[in-house]
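Q: I am new to this structure and would like a close look at one part of it. Please start there and then connect it to the rest.

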Amino acid sequence: MAGTQEPGTMYTKQVRIAALAGRFPQRAFTSLAHHLDAQWLKTAYLMTRRDGAVGIDGQTADDFARDFEANIQRLLEAAKNGRYQAPPVRRVHIPKGDGRATRPIGIPTFEDKVLQRAVVALLEPLYEHDFLDGSYGFRPGRSAHQAIQTVRDGLMSMGGGWVIDLDIQAFFDTIDHQHLRAFLQQRVKDGVILRLIGKWLKAGVLEAGQWQKGEIGSPQGGVISPLLANVYLHYVLDEWFENDVKPRLRGQTFSARFADDAVLAFSNEADARKVLEVLPKRFARFGLTLHPTKTRLVRFRPHRDKRAETFDFLGFTHYWGKSRYGRMVIKRKTAKGRLQRSLRRIALWCRWNRHLPIREQHRRLRSKVQGHYAYYGIRGNMRSLRSFRQHVTETWIRWLRRRSQRAYFSWDKASQLLSLLPLPPARIMQRC
């Protein structure tokens, strides 16, 4: 699109912001919004997904692009002079891992996504200086697989230990706005930026035609929500654990967090129990609640007993097992709930798309299976990957047989089909 800024120009300005953040680690910045110009917004537009679900106004990326220059200018002026009205997000529900409960997702309007992306691009280099190494979620150059690797390497180096498996109840829905503003103002005192964030927090949600006021929380699905979540938990958990807790402990310890999914590991049991006792009070102080049964202390020591304790982190069950050389090592496999959820989604897809041409079904299923391998294809997880592929194959054939006479589409014919159109074999794609 003519006139859009190359991302490199934004990157140069972000480098300057990062340098200032490093030079003045205790300063609250009062002048960030001057970077927010038409060119910055155009780059933010290029960084925004075009194929995402639409918000309450039904506007698509193509709609926004039809009068691009005017829309960019209007959005910029409204943001700068305070007239911007943050629209409510459209709330939808997606199934959670157990298949029964659902997770609410908020979908902003397209132009709201562009503006949120622009503000994230301003704040990200500032907070990247502040965020600690144990935080991996939604940060540039960091991934869930790195967090998983950190947990394994840390526990292996300690020879196992005690793990606090943290579970925050409805975290995104219970973020306290007053505390969040106080956290933000430790580093950001730019009125334009704080006013925009305040409007997004108060915008509320629209569900089934009913508007709900945004008094607490930051809707999952918002472009800026992951950054705000990281800021909140940086102060509530990461910084507190690093600066206040660690110096008081006797043994080794480390933490790993991806958004609101976190584990704390200890070499000393007394340390772990002491921290577990104070964690609920620490979180309650900032309006958060730890799940009373899902937050637990796991004795994660090398043990040849199959009943030895395990824990789940980022979709993987961590357990002890024998290596090919007979040593006890930490292994990971796809968590049971995640595997079941993936298979349920495949079954639903096969059911609703069984009348598509077979080659089209095969093409899409290949993509879904490869996507599964891309995340779950880590070392030691081959058995789970093969099980997934086998179940997907059986599910596909079962639904193909339902669309025709079973005598016609026999298992022999199914075997012939699979020899011509096989699903991708299980592959290890991540070396974590």
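By class, how many nonpolar, polar and charged residues does the lining of the second largest pocket have?

A: In this predicted model, the lining of the second largest pocket has six nonpolar, six charged and three polar residues. The volume of this pocket is about 450 Å³. There are 15 lining residues, and the closest to the pocket centre are Tyr319, Lys331, Arg379, Gly380 and Asn381. Two elements give two or more residues to the lining: strand S11, which covers 328–334, and helix H14, which covers 382–402. S11 supplies the largest share, with five residues.

The protein is divided into domain 1, made of 7–132 + 177–213, and domain 2, made of 336–420. Taken over C-alpha atoms, the centres of domain 1 and domain 2 are separated by 38 Å.

Charged residues also matter for the next topic, the salt bridges. Side chains of opposite charge can pair when their charged atoms come close. A search of the whole structure finds 14 salt bridges. One of them joins lysine 13 and aspartate 37, with 3.5 Å between the closest N and O atoms. This pair links distant parts of the chain, 24 residues apart: lysine 13 belongs to helix H1 (residues 7–23), while aspartate 37 is in the loop between H1 and helix H2 (38–46). Lysine 13 has a relative accessible area of 18%, so this residue is buried. Aspartate 37, at 26% relative accessibility, counts as partly exposed.

Another salt bridge is formed by arginine 49 and aspartate 51, whose closest N and O atoms are 3.0 Å apart. Here both arginine 49 and aspartate 51 are exposed.

A further salt bridge brings together the side chains of arginine 74 and glutamate 111, at 2.9 Å from N to O. Because arginine 74 lies in helix H4 (residues 68–81) and glutamate 111 in helix H5, the pair ties together parts that are 37 residues apart in sequence. Arginine 74 is partly exposed, with a relative accessible area of 39%. Glutamate 111 counts as buried, at 14% relative accessibility.

The last topic is the backbone. Most residues other than glycine have a negative phi. Phenylalanine 138 is not a glycine, yet its phi is positive, at about 55°. Phenylalanine 138 is found in the loop that runs between helix H5 (110–130) and helix H6 (144–158). With a relative accessible area of 49%, phenylalanine 138 is partly exposed, since the term exposed is kept for values over 50%.

Leucine 314 is a residue other than glycine with a positive phi, near 55°. Leucine 314 lies in the loop between strand S9 (311–313) and strand S10 (316–322). The relative accessibility of leucine 314 is 7%, so this residue counts as buried.

Notes
Residues numbered from 1 in each chain as written. Predicted model: local features only at pLDDT ≥ 70, side-chain atom pairs only at ≥ 80, totals over all residues. Heavy atoms only, no water. 1 Å grid on protein atoms, 1.4 Å probe; cavity = no way out; pocket = protein on both sides within 12 Å on 5 of 7 lines; lining within 4 Å. Points joined across faces, edges and corners; volume = space filled by probe spheres on them. Helix = DSSP H or I, 4+ residues; strand = E, 2+ residues; numbered from the N terminus. Nonpolar A, V, L, I, M, F, W, Y, C, P; charged D, E, K, R; others polar. Buried < 20%, exposed > 50% of the residue type's maximum accessible area, 1.4 Å probe, protein only. Salt bridge = Lys/Arg side-chain N within 4 Å of Asp/Glu carboxyl O. Domains from an automatic or database assignment.
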